[in-house]
Amino acid sequence: MRIALRAAREESGLTQEQAAELLEWSLSKVIRIEAGTVGISSTDLRATLQLYNVGNPAEVHRLLALARIARQRDWLAPYKEHLPTAYAAYIGLEREASALYFYQPMIVPGIMQTDAYATAVIPSTAPSVPPEELSQISKRVRFERQRDLLNRPDAPVIDAILDESVLHRVFGGEETMHEQLLHLIALGDSPRITLRVLPFGAGINTVSGPFVVLEFPDQSDTDAVYLENAVATSHVLDRADGITKHRQVFDRLSAAALSPAESLAYIASFAGRYN
């Protein structure tokens with residue numbers, strides 16, 4: 001949906017600023033619709049398509065149907081006002097990605113966390129979340145993401161590199177870590193998921209914090225990078241130079257990491273320590 005709308009706007013020769021002015025919307029509304037962080041009503045969509053000169057009845061019907069489906073599936077809607085803008089924007093992009101490349105030097109990525117591990121790790125990584133909201137917001141969002149990204153038929157390909165420190169850093173006690181590492185091994189056996197460990201013996205290959213590179217199925221759609229930071233403001237990069245830099249970092253880490261088979265065996269050895 002967001003890709004089609006942006007393509008139609010560009011084909012009509014309008015900038016986001018011009019479209020916002022002609023539709024009498026705020027610029028942020030146009031940006032958020034094209035980023036996939038908010039849905040669009042049928043009335044707004046019809047007005048947008050008319051402005052962009054999209055008059056083919058079949059295409060209009062298709063886009064209206066997609067908008068209805070998107071609203072029905074927008075599980076994130078009740079939580080958006082509680083989430084940082086950049087994180088909500090990232091989730092919107094993540095849901096349309098065809099491939100996700102994770103680098104995580106500190107903790108297991110959220111989409112791979114067990115319930116017990118997430119319960120233990122969230123207070124440390126999101127200290128600003130009040131305890132009474134923990135289950136409703138942070139955990140709910142994480143596990144809805146898991147269901148969306150891991151279980152749907154058109155789920156994206158996932159390539160994740162974990163620093164060895166992730167295996168050493170204990171959250172929730174040894175039983176929780178044992179369960180979490182077994183869960184990682186099960187995920188690593190999936191044909192759509194590649195999991196690698198960057199061992200201490202590989203030396204220092206980057207000083208980067210956690211990041212995710214996102215690829216999209218439409219080749220004309222620019223890739224993006226999500227920079228995650230629990231303290232400072234996280235943000236999404238879509239500049240070509242920033243994307244290229246993080247791809248190069250990911251490739252360097254991938255070359256230094258253990259192979260997928262070696263990584264799963266290494267994770268299994270740690271699981272044995274926590275048993």
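This is a predicted model: local features need pLDDT of at least 70, side-chain atom pairs count only at pLDDT 80 or more; totals for chains, interfaces and linings use all residues.
In what sense do strand 1 and strand 4 pair, and over how many bridges?

## Strand 4 and its partners

Strand 1, formed by residues 99-104, pairs with strand 4 in the antiparallel sense, over five bridges. Within this pairing, Y101 stands opposite V213 of strand 4.

Strand 4 also pairs with strand 5, which covers residues 224-227; this pairing is likewise antiparallel and comprises four bridges. Here V212 has Y226 of strand 5 opposite to it. Strand 4 itself spans residues 211-215 and is mostly covered, with four of its five residues buried. In a regular strand, side chains alternate between the two faces of the sheet.

## Helix 10 and helix 12

Helix 10 comprises residues 174-188, and helix 12 comprises residues 260-273. Their axes come within 8 Å and cross at roughly 160 degrees. Because angles over 145 degrees count as roughly antiparallel, helix 10 and helix 12 are therefore roughly antiparallel to each other. The crossing of these two helices is left-handed.

## Residues of the helix contact

On the side of helix 10, the contact is made by E174, H178, L181, L182, L184, I185 and G188. Helix 12 contributes L264, I267, A268, F270, A271 and R273.

Conventions
Residues are numbered from 1 along each chain as its sequence is written. Side-chain values use heavy atoms; hydrogens and water are left out. Axes are lines fitted to C-alpha atoms, for helices over the stretch in contact, and angles run from 0 to 180 degrees between N-to-C directions. Angles under 35 degrees count as roughly parallel, over 145 as roughly antiparallel, 65 to 115 as roughly perpendicular and the rest as oblique. A crossing is left-handed if the near helix is turned anticlockwise from the far one by less than a right angle, and right-handed if clockwise. Contact means heavy atoms within 4.5 Å. Buried means under 20% relative accessible area, exposed over 50%, partly exposed in between (1.4 Å probe, protein chains only). Two strands pair if DSSP finds at least two bridges between them.
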